[in-house]
Amino acid sequence: MPLLVSRVCSVSVISTSALTKQYPRVTALDQLTVDVEPGVVGLVGANGAGKSTLIKILLGLADATSGSAQMLGKNVVTEGSDLRERVGYMPEHDCLPPDLSATEFVVHMARMSGLPASAARERTADTLRHVGLYEERYRPIGGYSTGMKQRVKLAQALVHDPAIVLLDEPTNGLDPIGRDEMLALIRRIHTEFGISVLVTSHLLGELERICDHVVVIDGGRLLRSSATDEFTRVTRLLAVEVIEPLDREVDAVAALVEAGLRVTIEGRVLMVEIIDGDLDGAVDVVRDTVVAHGLGLSRMEQGRHRMTEIFSDEASS
Amino acid sequence: MSTFPRTATESTGADVIHDIGYRPYTGERLGRGYATRSLFVHSARGAYGLSRSAISKVLPMLLFAAVCLPALIIVAVVIMAEMDEMPFEFTDYVIFVVAVPAIFVAAQAPQLLSKDLRFATVPLYFSRPLTRSDYVRAKFAAMTVATFVLLATPLVILYVGALLAELPFGEHTEEFLGSLVGAVAFSLLLAGLSLVIASVTPRRGLGVAAIITVLMVSYGFASTLQGIAEDSGDAAGHTAAGWFGLLSPFTLADGVQSWLTGTEVAGITGPPGTAGGVVFLLVFIGSIGACYGLLVRRYRRL
């Protein structure tokens, strides 16, 4: 078990107050007030929800129309230069020159963060190893796979040992294995490196696995900010697909509700929500009920909330 | 090692990779000024292809050779022939090799700016301690210094050659220092203009073509007008020819050099009178200020 030495105090690492960003035709952020504590924090929202805009304002890459924002206790506008010495940023888009090697590029970026030349070289070697780039780090970036490029982008964000890193859609374009590796790496950034992480994604399921806390924004407004386990409680859903006949299905639904489960019918799939009790118990109840009513059970899997469901739930509640 | 590893894999055999874990950085952070200076050095070296691939050294080194070779030949001739004066003034040299600095800034200014734009590396700089203005200043200074090295090296060769040929020391030292002032003027103006043009397009080829066109066409245009006006033979024509020097960066910097150092222009006609000299200087300073302002504005929008 790695020893966790948290180098950030327990107050908010990011805090915004009525932060608003108005573009000529759209409002990207609308009176957003949110506090982010140290740890791995997920920032979730559909495309255009304002995730990238928030990150850009925090980094001083964009100016807020009104409101204020602080990171590590410093104002992002008036103390931006000092602050950015201790902040790492991994953008969503490609940002790597293809003609340089990973080592050359990361060394240069380390110096741009204020590290002396020798420290920059040493930290680059360490950081590239931590993100999983070995011999290939001397080859030009142009020949790298997407997964390797994502690692270089992450390395340049970590090379100066920041107190917090802002990762914008780090799993974009990765295959399932690459995605898992990247998520594990992000988790390690906090648990092993002691660096706070703000990570964005449009997939809640992905962030659930690695985040301590999830912030959901939509249309530039704060929809929800809560610890991850509160989200996972909500996502304890079973998708049950049975083979008709329908009249028996109705009976089965009634039996399930009687057993203390909440059931909604979505086409041919019964969505069974576990209100209390553990998952295994609920799975047993569903199986027994289905069998008792003579239905064919064709599929049963743990349902996963998608963003859209959270949004519709929140909107209707 | 002063910091203890936070995690360590126990070694059980000879072929174990030791994971010494993550080590936090406790050394100094030198901040914004250092980052700006580093970017300046990196970019100035980059303009000559230093710390870059072999192929990117080819053009700048060829141009460097091309700008020095005539100076070496002249020096060799002066020494061997035991001439008692240089065949032209030091201040004429830049105009003498005018195409070389033009090609140099056309090729290297896009190299300094377009790459960061094309591969969207710019946000990585601006999310670090240095500001947009720092970035512009570092790049402007780097391009100016790189161009100055290109222009000043042959002047040094000529000066050393003149001394080796035992030509009068005082006279040539003064001329040499004057020509260095001129080289600064040419470097500032060429760097500013070429960077402004390069900052507009992320496409390097387009930047190269645009810069070379602007520099050479404007030079040809201004010289032609000067030539026509001068050919009229009267005083008004001569004055007009002087003013036409404002129309291209080369003739403008040449005019400023001649007025500041009290030498003849290398081109056709210099600024007319003291008023002309003052106007040339003001236009020159204004142009450099405008280039800087445009660059800062360009990067503010990114």
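**Entry 1: a helix crossing in chain B**

I began with H7(B) and H8(B), whose crossing is right-handed. A crossing is called right-handed if the near helix is turned clockwise from the far one by less than a right angle, and left-handed if anticlockwise. The helices are DSSP runs of H or I with at least four residues, strands are E runs of at least two, and both are numbered from the N terminus. H7 covers residues 169-200 of chain B and H8 covers residues 204-231. I read an angle of about 140 degrees between them, with the axes 9 Å apart. Axes here are lines fitted to C-alpha atoms, for helices over the stretch in contact, and angles run from 0 to 180 degrees between N-to-C directions.

I then looked up who touches whom. From H7(B) come Leu193(B), Ser194(B), Ile197(B) and Ala198(B). H8(B) answers with Gly207(B), Ala210(B), Ile211(B) and Val214(B). Contact means that two C-beta atoms, placed from the backbone, lie within 7 Å. By class I find six nonpolar residues, two polar and no charged ones. Nonpolar covers Ala, Val, Leu, Ile, Met, Phe, Trp, Tyr, Cys and Pro; charged covers Asp, Glu, Lys and Arg; the others, Gly among them, are polar.

**Entry 2: what I am looking at**

This is a predicted model, in which local features need pLDDT of at least 70, side-chain atom pairs count only at pLDDT 80 or more, and totals for chains, interfaces and linings use all residues. Residues are numbered from 1 along each chain as its sequence is written, while chains are lettered from A and ligands numbered from 1 in the order in which they are written.

I checked confidence next. The pLDDT is the predictor's confidence in each residue, from 0 to 100. Chain B has a mean of 90, and 93% of its residues reach 70 or more. Its residues 1-13 are below 50, and that stretch has 21 contacts in the model beyond near neighbours in sequence. Chain A averages 85, with 89% of the residues at 70 or above. Residues 1-9 of chain A fall below 50, with 18 contacts beyond near neighbours in sequence. For the model I noted ipTM 0.86 and pTM 0.83.

**Entry 3: H7(B) again, with H10(B)**

H10 spans residues 249-261 of chain B. H7(B) and H10(B) pack at about 150 degrees, with their axes 9 Å apart. The two are therefore roughly antiparallel. The cut-offs are under 35 degrees for roughly parallel, over 145 for roughly antiparallel, 65 to 115 for roughly perpendicular, and oblique for the rest. This crossing is right-handed. On the H7(B) side I listed residues including Gly178(B), Phe186(B) and Leu193(B). On the H10(B) side, Pro249(B), Val256(B) and Thr261(B) are among them. The contact has eleven nonpolar, four polar and no charged residues.

**Entry 4: Thr251(B)**

Is Thr251(B) buried or exposed? It is buried, because it has 29 C-beta neighbours inside 10 Å. Buried takes 20 or more other C-beta atoms within 10 Å, exposed takes 12 or fewer, and partly exposed is in between, with C-beta atoms placed from the backbone. Thr251(B) sits in helix H10 of chain B. Leaving out residues up to four places away in sequence, Thr251(B) touches Tyr219(B), Ala222(B), Ser223(B), Gly245(B) and Gly267(B).

**Entry 5: two positive phi values**

Most residues other than glycine have a negative phi. I found Leu72(A) with phi near 50 degrees. Leu72(A) lies in the loop between strand E4 (66-71) and strand E5 (74-75) of chain A. Leu72(A) is buried, with 22 other C-beta atoms within 10 Å.

Glu82(B) also has a positive phi, about 50 degrees. Its loop runs between helix H2 (55-80) and helix H3 (93-96) of chain B. Glu82(B) counts as exposed, with 8 C-beta neighbours inside 10 Å.

Chain A has eleven helices and 14 strands. Of its 317 residues, 42% are buried.
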